[in-house]
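Open the model in your viewer and keep the selection tool at hand. The tour has two stops.

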Amino acid sequence: MITGCTDGKIMVRRCLVTFKPFRIFVVGIGFFSLCFLMTSLGGQFSMKRIGDSPFTIRTEVLGGMESRGVLRKISDMLEVILKRMDSLSKLDNTSTTDARRLDELSSAINRFQPAGLVEKIQAIAQNLSNMAIRMEQILQNSMVQGRAVRDGTSSQCEVPRDPRFSECPGKVDWMRARWTSDPCYAYYGVDGSDCSFLIYLSEVEWFCPPLAWRNQSSPPTQRPQQLPKPIKRQAAFRTNLSVLLDQVGTGKESLSFMKRRIRRLAQQWTTAANRLDVKLEQQWRDQKKILVHVGFLTEESGDVFSPKVLKGGPLGEMVQWADILTALHVLGHNLKISMSVKELQGFLGVPPGRGSCPLTGPLPFDLIYTDYHGLQQMKQHMGLSLKKHKCHIRVIDTFGTEPAYNHEEYATLHGYRTNWGYWNLNARQYMTMFPHTPDNSFMGFVSEELNETEKRSIQQNKVSNMAVVYGKEPSMWKLGKEGFLEILHRYMEVHGTVYYETQRPPEVPAFVKNHGLLPQHELQQLLRKAKLFIGFGFPYEGPAPLEAIANGCIFLQPKFNPPHSSLNHEFFRGKPTSREVFSQHPYAEQYIGRPHVMTVDFNNSLEFDSAIKEIMRTKVEPYLPYEYTCEGMLERVHAYIQHQDFCTPEPPFMAPNLTREGSTIGSRMIASLFVALPNSTALGWASNVSPPAAWPPLSSLRLLVSQEGQSCVEACQSAGFICEPAHFRFINNKEALRGLEVQCEVVDSEINHILPAFSVMRRECGLQREPLLFSCAGHSPKYRRLCPCRDFRHEQVALCRDCL
């Protein structure tokens with residue numbers, strides 16, 4: 001036993017104990033009790049918040065008189081444990097090996113000396129942990145077997161051969177070999193017996209049929225379909241952001257940046273909420289339970305962003321996340337925010353272990369907003385539950401994910417597999433920063449909106465020969481910039497905001513007035529004076545050009561020829577998209593355009609020179625598209641939350657019986673689902689055919705045919721519409737082909753991301769068999785595509801005219 005412990009200099013600095021599985025009991029007194037006693041008597045017991053790993057407990061015991069009292073209590077506790085072990089060793093079903101291990105542990109404790117106290121405690125802890133696991137298995141096996149004999153259920157634990165549960169025998173075999181690989185199985189009562197395997201596989205997972213002898217009226221985990229539907233609550237707009245600011249947390253510069261942004265725009269969010277409330281005319285809005293898990297800022301993902309916030313690193317993602325959090329809060333939803341994997345586990349109710357076991361019961365959230373890093377973390381910790389609950393997930397995805405990359409099997413077979421994508425979500429569950437991928441949903445962000453007084457002040461104080469360069473990192477100024485910068489310098493005073501610590505970055509030319517990295521409000525003041533905001537071609541599609549245009553600058557950007565894509569540019573390689581980028585900021589070029597945005601070939605000195613002269617004599621007012629105002633974002637996010645539903649299965653659309661009697665006896669006429677629209681080549685939904693319930697509503701549908709080699713994105717844009725993937729299921733039929741007067745000798749149903757489509761030369765028509773592969777982005781040089789376009793609201797491309 002522990003003796004000779006009177007020396008007051010003995011100090012136990014730390015005992016780090018790791019034990020598995022979570023449910024460890026040593027006949028009433030286990031090592032958990034030991035550690036707890038150590039701390040309750042003289043130590044500091046630090047149990048982290050819910051969401052911390054349940055397998056790590058840290059204790060600290062301080063020296064002096066406290067340590068002597070602690071060690072005496074440890075001695076008493078170990079004596080009790082030894083007595084319990086001695087009684088256990090006499091059990092009939094204890095193996096010789098187990099008994100020998102108990103004796104060895106007893107002997108080791110009897111030889112225990114104070115020298116190397118920490119190491120000895122750790123060694124005992126490990127032995128106790130290992131033995132506790134085995135002892136619990138022994139006891140549970142004994143109880144299960146005894147109960148089986150009493151209840152006559154031992155013969156009822158034979159593995160069933162039921163064709164409805166064909167995977168059951170294989171799963172039982174796997175459990176026999178691997179059930180100790182994850183503590184979560186023991187957490188759910190698995191003890192190594194076939195009975196426990198079958199109970200688990202029928203009640204926690206559902207690979208095996210329910211056991212007739214089990215009391216099904218009180219299962220250990222209630223299945224979701226047995227639970228009553230939650231009571232709906234009405235969401236009310238919020239204008240006080242203090243609760244949100246507390247939820248965001250502290251401790252990282254990225255979080256500080258987000259909170260500063262939320263505070264700075266607080267008044268604009270309040271004004272926007274009041275306006276939208278009036279516009280919606282007090283209509284009912286369901287309050288949703290929403291989890292926001294910002295995966296890229298977790299320590300587990302590496303969080304390379306936070307250390308770079310004050311060093312010129314990218315801020316676009318943090319801008320968007322701050323605005324998403326604010327929009328969800330202002331809209332009145334019940335919001336939880338997770339910035340670590342441990343918080344994620346706690347919020348989801350993940351069972352202790354390594355993620356092999358599913359969640360039980362319903363998901364505690366209606367919606368989960370995360371990113372690709374967070375999605376990977378959820379897969380790791382939710383196990384089988386991710387597939388079951390993935391319809392609730394929304395993935396914030398800056399550059400977009402096309403359906404061909406999203407469908408795991410198709411991507412693998414056809415060369416679209418990347419490090420991202422392949423999640424088999426509905427493509428509209430991916431939410432982008434700009435509306436560049438209609439297959440996805442456009443989330444966006446906000447820019448600061450100016451009032452009329454501020455706009456007049458800006459126009460009066462503009463410096464016509466002042467330019468600000470879009471490039472905070474010295475690397476953006478390297479190679480190939482000298483030529484057009486010299487031309488720019490001839491006409492304008494050039495300003496930069498390049499980060500540096502002590503010395504001016506050598507990459508920045510001497511004639512550039514470098515202000516260093518500026519706080520947001522100082523950058524705003526600089527942009528309000530400048531006439532020109534010029535991009536170098538990178539970064540792609542960031543928020544800064546919109547902020548510059550909103551402050552009265554003209555944005556000058558380079559044209560890319562050939563366009564940048566995953567085929568020819570390292571930045572896009574590996575991203576789940578084949579999108580071609582024709583300029584640094586395609587949204588600014590396409591949706592804003594001249595005079596606010598000019599896109600030229602920077603390698604053509606004459607074209608560049610001419611553009612600078614035109615900019616100097618052009619006057620523009622500050623401009624911000626409605627969809628990037630606080631009200632525009634609230635309107636869009638509100639519509640998504642209330643109308644997008646990916647959990648209710650969409651049945652295949654069956655065209656109604658459209659034959660009707662003609663005006664003459666015996667003759668029959670064929671009505672059509674689609675009719676020609678006035679002054680348009682597009683077809684619309686026939687007014688005499690009742691449309692099925694859908695969002696966007698079918699009143700917005702415009703059916704078009706693409707050219708060969710043209711995607712539906714391009715075909716719809718060229719006609720002044722936008723491709724709407726939700727409408728594909730209504731045009732994936734022979735009625736659409738007939739309405740477009742397509743000649744088909746053969747109509748096949750296949751799995752291909754360009755379908756529905758047809759070949760004019762071969763008179764072959766193809767319909768889509770896999771709904772996840774409905775794709776606006778797909779194109780083929782041999783096929784013309786059937787394209788479901790739709791109208792959209794002015795400066796709110798995400799919503800159709802009737803979508804609110």
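Searching the whole structure turns up 5 cavities of 30 Å³ or more. A cavity here is a set of points, on a 1 Å grid over the protein atoms alone, where a 1.4 Å probe fits but cannot get out. The largest cavity holds about 210 Å³ of space, a volume being the space filled by probe spheres set on the points. Select Pro 438, Asn 440, Ser 441, Arg 790 and Ala 798: of the 21 residues lining this cavity, these are the closest to its centre. Lining residues have an atom within 4 Å of a point. Then colour β9 (441–442) and β22 (722–723), the elements that give two or more residues to the lining.

This is a predicted model, in which local features need pLDDT of at least 70 and side-chain atom pairs count only at pLDDT 80 or more, while totals for chains, interfaces and linings use all residues. Residues are numbered from 1 along each chain as its sequence is written, and side-chain values use heavy atoms, without hydrogens or water.

Next, select helix α22, residues 605–617. Which of its residues are buried (under 20% relative accessible area, 1.4 Å probe, protein chains only)? They are Phe 608, Asp 609, Ala 611, Ile 612 and Ile 615. These lie on the same side of α22, because they cover an arc of only 160 degrees around the axis, taken from the directions from the helix axis to the C-beta atoms. On the face turned away, show Leu 606 and Arg 617, which are exposed (over 50%).

Terms used
Helices (H or I, at least four residues) and strands (E, at least two) are DSSP runs, numbered from the N terminus. The expected span of a helix is 1.5 Å times one less than its number of residues. On a 1 Å grid over the protein atoms alone, a cavity is a set of points where a 1.4 Å probe fits but cannot get out, and a pocket is an open set with protein on both sides within 12 Å along at least five of seven lines; lining residues have an atom within 4 Å of a point.
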